[in-house]
Amino acid sequence: MTKPAVDLTIVGSIGIDTIETPAEKREEILGGSVSYACAAASFFTHTGMVGVVGSDFPQEFRETWSNMSIDLEGLQTVEGKTFRWGGVYHENMDHRDTLFTDLGVFESFSPELPEDYREAPYLFLGNIHPALQLHVLEQTRNPRFVLIDTMDLWINIAKDDLAKVIAKCHMLTLNESEARLYTGKHSLIEAAKQLLETGPEYVLIKKGGNGSMLFTREDIFLLHAYPLDGFKDPTGAGDTFAGGLMGALAASGKSDKEAIRQAMVYGSIVASFGVEEFSLDRLKQLDRDEIEIRLAEFKEMCRI
Ligand code: AMP
């Protein structure tokens, strides 16, 4: 059998973001779930991006991705405006409000996988409408491992579609509040138990700066976040974490529990770099050696 062109396919949103933090405001910067996720995955494996941009999309942003060796065959460019999103972070950066969402070409996005991507053994369905996630999944040929992410919006307005696609995935990731919203359970253990009954073998609950928890039917794995001495922009941290995880998992060629635990640690380390700067500014300067150095520091911190 010939090797697929990409080992990992990622679909999600591409946005031009305007972000305000208590310290700074940045306008028209590169964002979107697939942008963060592909950037993170690119440190580990050959990754294909599936998304849409408008005719106004800056060449400079495209070059950022190309320089990270992200495969752009699945990137559609459509006449019109690129999706734009604005958000503001409040005092301690743990709460964010959306200021505006202009869908632009994202409104009529129909993700189509290039022939080359359909055989990719790993698939990450990043945060877009669940009907589109299902459409992507249906174009693939028996992937070994599929991770799905979502957000409160889809839990509120498209829960039936979401349930359909979650049932077909190996792993579901959401943050604490989304897990509670989806299940109506406050306890994360009860929420995870309920989610595990909906299909996936693994449920990964993200807790922002407090790390993450991986649930299976047999056990729980706890991962602390790398302690950062200040960060600039938490936007896309969850996408970076999940993208790094899937990249590392694809590089391992495995999909068992031990490999997932290892991959989670890589995802978390890459996410810790990502939030040090806005957009992909830190990730585009990062190299694999720095990841390994921080990983070794992190392991030492966790040693019992
Ligand atoms: P996160 O911090 O994980 O919520 O991801 C932030 C990224 O999601 C930003 O870079 C936005 O461009 C993008 N985004 C914001 N709202 C949406 C939405 N409704 N659907 C898809 N992507 C979005």
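This is a predicted model: local features need pLDDT of at least 70, side-chain atom pairs count only at pLDDT 80 or more; totals for chains, interfaces and linings use all residues.
Me: Why is Ser33 called buried?
Reply: Buried means under 20% relative accessible area. Ser33 has 6% relative accessibility, so it counts as buried.

Me: And where does Ser33 sit, and what does it touch?
Reply: Ser33 lies in helix H1, which covers residues 33-41. Leaving aside residues up to four places away in sequence, Ser33 touches Gly12, Ser13, Gly126, Asn127 and Asp239.

Me: What makes the approach of the Ser33 side chain to Ser13 a polar contact?
Reply: A polar contact needs a pair of N or O atoms within 3.5 Å, with one able to donate a hydrogen and the other to accept it. The side chain of Ser33 reaches the backbone nitrogen of Ser13 at 2.9 Å, so the distance is within that cut-off.

Me: Which residues are closest to the ligand?
Reply: The closest are Ser13, Asp17, Gly32, Arg96 and Gly236, and 16 residues surround the ligand in total. By class, this shell has 6 nonpolar, 7 polar and 3 charged residues.

Me: How much of the ligand does the protein bury?
Reply: The protein buries 85% of the 510 Å² that the ligand exposes when taken alone.

Me: What makes the phi of Glu28 worth a look?
Reply: Most residues other than glycine have a negative phi. Glu28 is not a glycine, yet its phi is positive, at about 55 degrees. Glu28 is placed in strand S3, residues 25-31.

Me: Why is Glu28 called partly exposed?
Reply: Partly exposed covers what lies between the 20% limit for buried and the 50% limit for exposed. With a relative accessible area of 40%, Glu28 falls in that range and is therefore partly exposed.

Me: Why is Asn142 called exposed?
Reply: Exposed means over 50% relative accessible area. Asn142 is at 74%, so it counts as exposed. Asn142 sits in the loop between helix H3 (130-139) and strand S9 (145-149), and it too has a positive phi of about 55 degrees without being a glycine.

Me: What about Ala296, and why is it called partly exposed?
Reply: Its relative accessible area is 46%, which is between the limits of 20% and 50%, so Ala296 is partly exposed. Ala296 belongs to helix H10, residues 288-302.

Me: How do you know that the size of the protein chain agrees with a compact globule?
Reply: A compact globule of 304 residues would have a radius of gyration near 19 Å, and the protein chain has 18 Å, so the two agree. The C-alpha trace spans about 50 × 45 × 40 Å along its principal axes.

Me: How many helices and strands does the protein chain have?
Reply: There are 10 helices and 13 strands. Buried residues make up 55% of the 304 residues.

Technical notes:
Residues are numbered from 1 along each chain as its sequence is written. Side-chain values use heavy atoms; hydrogens and water are left out. A residue is near a molecule or strand if one of its heavy atoms lies within 4 Å of it. Accessible areas come from the Shrake-Rupley method with a 1.4 Å probe; for residues, only the protein chains shown count as cover. Ala, Val, Leu, Ile, Met, Phe, Trp, Tyr, Cys and Pro count as nonpolar, Asp, Glu, Lys and Arg as charged, and the others, Gly among them, as polar. Helices (H or I, at least four residues) and strands (E, at least two) are DSSP runs, numbered from the N terminus. The radius of gyration is taken over C-alpha atoms; the globule rule is 2.2 Å times the number of residues to the power 0.38. Buried means under 20% relative accessible area, exposed over 50%, partly exposed in between (1.4 Å probe, protein chains only). Contact means heavy atoms within 4.5 Å.
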